[in-house]
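Subject: Structure for you to look at

Hello,

Here is the structure I promised to pass on. Please open it and keep it beside this email while you read.

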Amino acid sequence: MEAVIEFFEIFINSTDVFFRGLWITLRLSVVSLLIALVIGLFFAMLKISNVKALERIADMYIWIVRGTPLIVQIFILFYGLTDVFLISMFWAAAIALAFHSGAYIAEIIRGAIQSVDMGQTEAARSLGMTQSLAMRRIILPQAFRRAVPSLGNQFIIGIKDSSLASFIGIQELFGVANSLGSNSFNYMPYFLSVAVYYLLIVLILTFCVNRLEKKLAVSD
Amino acid sequence: MSEAKEMIRVEKLNKSFGDLHVLKDIDLKVNESDVVVLIGASGSGKSTLLRCLNFLEIKNSGNIIIEGEQIEKETHNLNKVRERVGMVFQHFNLFPHKTVLENVIEAPVQVKKMRQSEAEEIGKELLNKVGLGDKNNEYPSKLSGGQKQRVAIARALAMNPDVMLFDEPTSALDPELVGEVLATMKELGEEGMTMVVVTHEMGFAREVGDWVVYMHDGKIVETGKPSDIFDNPKEERTQAFLNSVLH
Ligand SMILES: Nc1ncnc2c1ncn2[C@@H]1O[C@H](COP(=O)(O)OP(=O)(O)OP(=O)(O)O)[C@@H](O)[C@H]1O
Ligand SMILES: [Mg+2]
């Protein structure tokens, strides 16, 4: 009982510090996922380009991301980027996370595009649309609708993965918990607090994705 | 009487898929306002021929001449050619994420850069014409098959094409819905639209067709007026085919 009360005290007393961490977690997640969407869309296009060399490049990228641990990718990219470019820690971390999610998003988008009936492209082309116009106006909107559940899932994974940025010194949620814990030699309440914050974020995001799915379903 | 204007001419058209020789030296002429009905057994190459006319398939050899212009993918922007050649598909292929009216105005606005308001006006008119004036804001999923196909016809007409191609437009429909689509097509033919129609509806072929073309195994076996083809087919294979579908 005492431990529970202690936890709540610490949880409530540390909200302002955690909110700073939460703000960084959210910014890091949103920025990296937006970059990941662009990367994912780009590599999905390579995969369906019907140009062997381009498909190979996409395969290679996906193979590298799948074949190495995320923490290794983060360290390589973070130190690589900050060594070579004048780039803030935040942006280096965001790009490293995006590099990782991008591969999974590429596969999600590719699958969704290929699940759209060929007849849709043909109908669009038969009306005089160019390949790229048909992709943009007809195929991608349908593909994105289908991809919403998987993308939502990937976003949730991405948000949780952003906690690894603490290992390169980003004071996001988990980084904050680590610092607070080491200052007080009492880690557990802070780790539990972090877990609560993540659960809340995921709960809200899941709710939003479900809402979006319902909204997009009006045409079905 | 003046010579009818030639809309489509096909000369020695050949098309293969890998080793499969699907169209063999096809010759075909379609004049303005003609309704040409293509009949033939499954696999005889009817769809492939239509798709070549719309350049959804690219021929291997031969000439396709549309309104006097020999079209080659090397020298022509096929997108521009397709604007003039509308196509209606067996499975409608409406855009499910767009409303009925949005389906119809999509190409005029995006391809022809028509003003939204003008496109909507034309779109509503066309939807009225095919009997769906009250469905503008519905999504395709809420329509019956016959209604979907009529929207697809309106969508193709919205580009103001010179020719309309129909690939088995009623084959995916419940029998009771076939009539409404055929009626729409008949009206279109009577208004002078040039049409090439692949269908198994022999009643339509006889009543609306100006010419009937019988295809077998990638070749055109016989071409004639509907009355000639149906009542006095010259070729044995045509007789055999008609016997199999009419009896
Ligand atoms: N994209 C393709 N790749 C390979 N073979 C094809 C392709 N499209 C058609 N074929 C083949 O070409 C032949 C002619 O097909 P097509 O669809 O033109 O026939 P059809 O007369 O329209 O038949 P149906 O009445 O069944 O629609 C068939 O043997 C078919 O399997
Ligand atoms: Mg066919």
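Start with ligand 1: an oxygen atom of this ligand sits 2.6 Å from a polar side-chain atom of Ser42(B). Keep in mind that this is a predicted model. Lys46(B) also brings in a polar side-chain atom, 2.9 Å from an oxygen atom of ligand 1. Gly45(B) uses a polar backbone atom instead, at 3.0 Å. On its own, ligand 1 has 630 Å² of accessible area, and the protein covers 60% of that.

The shell around the ligand includes Phe17(B), Thr48(B) and Glu168(B). By class, four of its residues are nonpolar, six are polar and two are charged. Helix 1 of chain B gives the largest share, three residues.

Side chains of opposite charge can pair when their charged atoms come close.

- Asp59(A) and Lys47(A) have their closest N and O atoms 2.6 Å apart. The pair links helix 3 and helix 2 of chain A.
- Glu67(B) and Arg84(B) meet at 2.9 Å, N to O. Glu67(B) is in the loop between strand 4 and strand 5, and Arg84(B) is in helix 2 of chain B, so the pair ties together parts 17 residues apart in sequence.
- Arg206(B) and Asp231(B) come to 3.1 Å, N to O. They lie in helix 7 and helix 8 of chain B, so this pair ties together parts 25 residues apart in sequence.

Finally, look at Lys5(B), Glu67(B), Glu69(B) and Arg84(B): salt bridges with shared partners join them into one network.

Best wishes

Notes
Residues numbered from 1 in each chain as written. Chains lettered and ligands numbered in written order. Predicted model: local features only at pLDDT ≥ 70, side-chain atom pairs only at ≥ 80, totals over all residues. Heavy atoms only, no water. Near = heavy atom within 4 Å. Polar contact = N/O pair within 3.5 Å; in protein donor to acceptor, adjacent residues only side chain to side chain. Areas by Shrake-Rupley, 256 points an atom, 1.4 Å probe, with all protein chains shown as cover. Helix = DSSP H or I, 4+ residues; strand = E, 2+ residues; numbered from the N terminus. Nonpolar A, V, L, I, M, F, W, Y, C, P; charged D, E, K, R; others polar. Salt bridge = Lys/Arg side-chain N within 4 Å of Asp/Glu carboxyl O.
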